[in-house]
Amino acid sequence: MISLQNRLALTYALFISIALGVLTLVVNRFTGIIFSDLIKENIAEKSGEIVRSIGEQYNSMNRSFDALTVEAMGMYFVHEGYIVTVEDERGGIVWDARSCDMEQCAEVINSIAGRMEHQFRLQGSLQKQQFPLMRQGLRVGNITIETWGPFFYSETETQFLTSINRLLIMAGIVFILLSIVISALLSRTIARPILKAKEAARQIAKMYAKGNNHNKHIIRIHEGYKTRELAELSRSINELAGQLEEGERRQKQLSSDIAHELRTPLTCLQGNIEAMIDGVWQPGRERLISCHEEIIRLTRLVQDLNTLTNLEWHDIILNKTDFDLSKLLQTVAEQFKAAVHEKGIAMRLNLRPSPISADYDRLKQVFINILSNAVKYTDKGSITITVERGVKNWAVSVADTGIGIPENEIPHIFERLYRSDKSRNRSTGGAGIGLTIAAAITAAHEGTITAENSGNGSIFRVEL
Ligand code: ADP
């Protein structure tokens, strides 16, 4: 498989070479066209000059041409590619290049034809033009000029054109080579960060491969690229690495938390039972009730963990029915009536008819968890449950006048086994799973659950 770097380099180089090649051809073609037009004009001008200068050799006094000068001029014109024949007014030949030097004429014309046909791939033939020779407004003869046509380049012009073409081709080659070098550099700049990202992804995969418990170290790649996509790619890789590390950390934390949560009641049970076996304690009713409470606590913990695992690892299948949310809240509030009464706090309900289609039992679980916390963490004042129109449908808020939650801990309270104050008296209850379960169920209902500090307590808000 071709590498990205090579592919990019090839594509760039190919593209630039084609563009430069086409540009060179177009420039070449245009210079050719412009130059040939210029040459045609030059030839016409030259012919006019020949006619004028030969005409000037006519002597009106003795009504004849200066034969010697005409010959000298004629031979000069032959060298330049113009075969001239001069006639007097009666049609008598004054000078004829061919009769004068047939060989020279043929040589000049052949060399022009060879140049034009081979070098410039231009087919042509000898073209004849006749002009009257005038002197003081009178016609004194005729001149015939033969040239290779439609046009021809002199040797100097040929050299000039060849140099231009050579220069163009050389510039083309230099630019193509330059473009190949630039393409290679450019593609390296683009491909390198991608290769680094690939390498980092591979390392991450290896590090978190099943069964690899060693060699865990922090992987981060450079993010400050000027190209947006490359910067985003590196950021995503770093985010992925960060999340995996965080996941790993949480998993470890979770295992140790679970172990800790299990150890406390188990140690207590073990101590009690051993003391009873050793006869230190009599297995009286009180001791047995204490053991029983620890067992209940253990069972609740295992049940909660089980519920949470089910919610987090399996698709939650909601058993939706139509019911009134306020009625459900009333039922839940009823369950806490005794506890609230016992603690001497008030329970206020601001309910209203609120039809909803949801999983009754699961939603009940959400509000039981929230309300049990409210009761647990409130020692005086009140708990107020309010139902109102929410962003999507209904919003339920449970406000208490309890101990509140420290602002910096709010983002964590929905995490598994998180308890806002680790040193808090364990008698206040749970293992930090209740809110995690509530959040999972709310999310399954495409709702949200948030917590905030009201100043003198906490408010939990469930949007459904
Ligand atoms: P727990 O079973 O420990 O109450 P939760 O997941 O229900 O576990 O709650 C997580 C933590 O959030 C609790 O340990 C407690 O510190 C805090 N919390 C929850 N509800 C309240 C509340 N109404 N007032 C104060 N703190 C609360």
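**Close-up views of a predicted model**

**View A. Pro150 sits in the loop between strand S6 (138-149) and helix H5 (155-207).** The model is predicted. A cis peptide bond joins Gly149 and Pro150. Its omega is about 15°.

**View B. Arg63 takes a positive phi in the loop between strand S1 (58-59) and strand S2 (64-65).** The phi value is about 50°, although Arg63 is not a glycine. Is Arg63 buried or exposed? The relative accessible area of Arg63 is 52%. Arg63 therefore counts as exposed, the cut-off being over 50%.

**View C. Gln136 also has a positive phi without being a glycine.** Its phi is about 50°. Gln136 belongs to the loop between strand S5 (125-135) and S6. At 69% relative accessibility, Gln136 is exposed.

**View D. Helix H8 spans residues 325-335 and has buried residues.** Which residues of H8 are buried? They are Leu325, Ser326, Leu328, Leu329, Val332 and Ala333. Why do these residues fall on the same side of H8? They cover an arc of only 155° around the axis, so they share one side of the helix.

**View E. Asp324 makes a side-chain to backbone contact at the start of H8.** A side-chain oxygen of Asp324 comes within 2.9 Å of a backbone nitrogen. That nitrogen belongs to Ser326. Ser326 is also one of the buried residues of H8.

Terms used:
Residues are numbered from 1 along each chain as its sequence is written. This is a predicted model: local features need pLDDT of at least 70, side-chain atom pairs count only at pLDDT 80 or more; totals for chains, interfaces and linings use all residues. Side-chain values use heavy atoms; hydrogens and water are left out. Buried means under 20% relative accessible area, exposed over 50%, partly exposed in between (1.4 Å probe, protein chains only). Helices (H or I, at least four residues) and strands (E, at least two) are DSSP runs, numbered from the N terminus. The arc is that of the directions from the helix axis to the C-beta atoms. A polar contact is a pair of N or O atoms within 3.5 Å; within protein, one must be able to donate a hydrogen and the other to accept it, and residues adjacent in sequence count only if both atoms are side-chain atoms.
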